[in-house]
Amino acid sequence: MIYPTKESVLEKAQTVLHKTLRNVISGSEANVIEKQIEGYKSKRKGFLGELIEKYFFGINPGNISEPDFTAAAVELKTTPLKKHAKYRFVSKERLVFSMIDYDKVVNETWDSSSFLKKNRTLLLMFYLWIESQNILDYEFKFIHLLDLLKDISGEDSYQIQKDWEYIVAKIKRGEAHLLSEGDTYYLGACTKAANSRILRDQPKSRVLAKPRAFSLKQQYINYLIQTKFLGKKTGTESIFKKQRRLETVEEAVMAKFSVFLGKTDKEILTTLGQKLNRKSKSYKRLIANRILGVGTDSVEELEKANITMKAITLEPSGTLTESISFPAFDYRDLITQVWYDEEKEEMSDFHLQLEAKKFLFVIFQKKKDSKDIVFLKAMFWNFPIKDLPEARRVWEKSIDCINEGRYEDLPKIKDSPIAHVRPHGADSQDKIRTPQGSYEVKRCFWLNAKYIQQAIKNEGDQA
DNA sequence: GCATGATCATGC
DNA sequence: GCATGATCATGC
């Protein structure tokens with residue numbers, strides 16, 4: 001089949017909306033597919049996409065650098081949704097594009113990039129994923145064309161371009177092995193499991209690098225689902241109430257904070273005409289929210305890019321005394337997780353927090369001989385990929401301890417330069433069930449204060 | 001000063 | 001009602 005135009009592709013695609021693949025193919029085709037599925041131990045990633053190409057569209061694009069629908073210049077993406085209590089549907093995963101060709105990409109510019117050539121216009125076919133279900137019976141819920149230069153806001157397109165350029169610049173520096181999904185905002189360089197153990201050459205360094213693919217982050221896809229496909233408000237608040245300039249997320253956020261550099265908490269609140277409870281443990285966090293101009297913890301520009309804001313307070317000497325906490329974990333769930341599941345291409349929660357997330361540190365410093373605090377700076381930070389093995393070690397030790405019921409032996413701050421485990425509940429009675437059936441106080445992973453202090457200092461050195 | 005356990009205001 | 005982020009309190 002030849003589909004000459006984007007409209008013809010979309011028209012055909014929409015005939016499977018609210019239906020399943022089984023609904024639109026013949027019984028004998030279904031039998032052939034059933035036989036193939038039996039051949040696999042588990043559902044192979046991307047298999048439904050291949051079936052859609054072959055049996056539904058009747059195309060055979062293979063692994064080419066052109067869009068799947070070459071004449072129409074449309075790239076097909078068959079991708080899963082999960083049900084969600086609050087948001088109805090969320091993307092089950094990031095949206096993955098082709099592998100990054102480290103040798104080739106360093107000679108490209110964004111406008112002429114092979115990424116844009118292949119992926120500028122996407123046909124997104126979202127189906128509802130249900131673990132136990134036959135892939136022939138997955139229902140297609142959303143089918144949309146998305147032009148990455150026209151169908152999203154100018155700021156979002158601009159950010160995606162900047163993300164691509166950041167990734168390419170890092171490869172040009174000979175740091176392909178240090179790429180991390182958390183480096184960028186909407187477009188990320190994610191690991192691809194299929195052959196992630198086979199390391200690749202990179203053009204500007206002798207160090208072998210993990211194969212990675214361009215991808216749109218899960219949070220950005222969720223934003224698209226909520227605003228474009230479900231047509232709902234996001235439930236988040238934008239830091240822009242009016243028309244904004246064409247700028248990156250980082251530039252936009254930094255511009256908000258730069259106004260208050262060196263100001264005390266009182267000065268900031270007076271300027272903003274705000275009053276806040278100084279006694280609260282959330283005091284500085286709330287100041288940061290007010291600086292951004294929001295009255296909530298759900299900030300659109302931060303959530304879209306999977307950024308977590310952390311208010312940090314340094315001592316007058318510059319020392320950071322408090323470690324940074326993550327959400328409390330569930331002991332019984334934690335021990336079922338795999339650091340990186342190659343088959344499912346899924347990371348454990350802690351791994352995902354470190355690799356895919358970016359942090360916005362809003363740093364205050366206590367004043368000597370005064371109750372006042374000063375706003376020192378804001379900075380974006382993401383966990384360096386070189387430190388992942390150490391974080392993994394702490395995580396694995398934790399799982400061993402939990403499996404063996406040795407809760408008193410969970411990794412302590414001195415056991416690692418990077419992370420540890422500590423209580424994180426409402427109080428000492430806030431307990432949760434363990435695999436052994438007993439109850440233990442809720443705990444979580446923490447990033448060591450010293451480690452974060454060094455990260456803050458390193459950023460200062462670079463500037 | 002630091003490690004460790006415990007707590008609490010906020011907002012969803 | 002509860003998860004979360006950010007301390008606070010205690011003891012060495």
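**Entry 1: DNA strand C.** I started with the surface near DNA strand C and sorted its residues by class: six are nonpolar, six polar and five charged. I kept in mind that this is a predicted model. Next I looked up which of the 17 residues around DNA strand C come nearest, and I found Lys281, Lys310, Ala311, Glu322 and Pro327. Which element gives the most to this surface? It is strand E10, with five residues. Helix H11 (283-292) and E10 (307-314) each supply at least two residues there.

**Entry 2: DNA strand B.** I then turned to DNA strand B, which has 21 residues around it. The nearest ones I noted are Asn277, Ser280, Thr296, Lys412 and Asp427. By class, I wrote down five nonpolar, nine polar and seven charged residues for the surface near DNA strand B.

**Entry 3: a sheet.** Here I traced an open sheet of three strands, in the order E3-E9-E6, with antiparallel pairing. E3 and E6 (187-191) are the edge strands, as each pairs on one side only. On average, neighbouring strands of this sheet are turned by 40° against each other, direction ignored. I followed the pairing of E6 and E9 over five bridges. Which residue in E9 is the bridge partner of cysteine 190? I found alanine 213.

**Entry 4: helix H8.** Last, I looked up helix H8 (residues 218-229) and listed its buried residues: Gln218, Gln219, Tyr220, Ile221, Asn222, Tyr223, Leu224 and Ile225. What covers them? The cover includes strands E2 (88-91), E3 (95-99) and E9 (212-216), along with helix H12 (300-303).

Key: Residues are numbered from 1 along each chain as its sequence is written. Chains are lettered from A and ligands numbered from 1 in the order in which they are written. This is a predicted model: local features need pLDDT of at least 70, side-chain atom pairs count only at pLDDT 80 or more; totals for chains, interfaces and linings use all residues. A residue is buried if 20 or more other C-beta atoms lie within 10 Å of its own, exposed if 12 or fewer, and partly exposed in between; C-beta atoms are placed from the backbone. Helices (H or I, at least four residues) and strands (E, at least two) are DSSP runs, numbered from the N terminus. Two residues are in contact if their C-beta atoms, placed from the backbone, lie within 7 Å. A residue is near a molecule or strand if its C-beta atom, placed from the backbone, lies within 6 Å of it. Ala, Val, Leu, Ile, Met, Phe, Trp, Tyr, Cys and Pro count as nonpolar, Asp, Glu, Lys and Arg as charged, and the others, Gly among them, as polar. Two strands pair if DSSP finds at least two bridges between them. Axes are lines fitted to C-alpha atoms, for helices over the stretch in contact, and angles run from 0 to 180 degrees between N-to-C directions.
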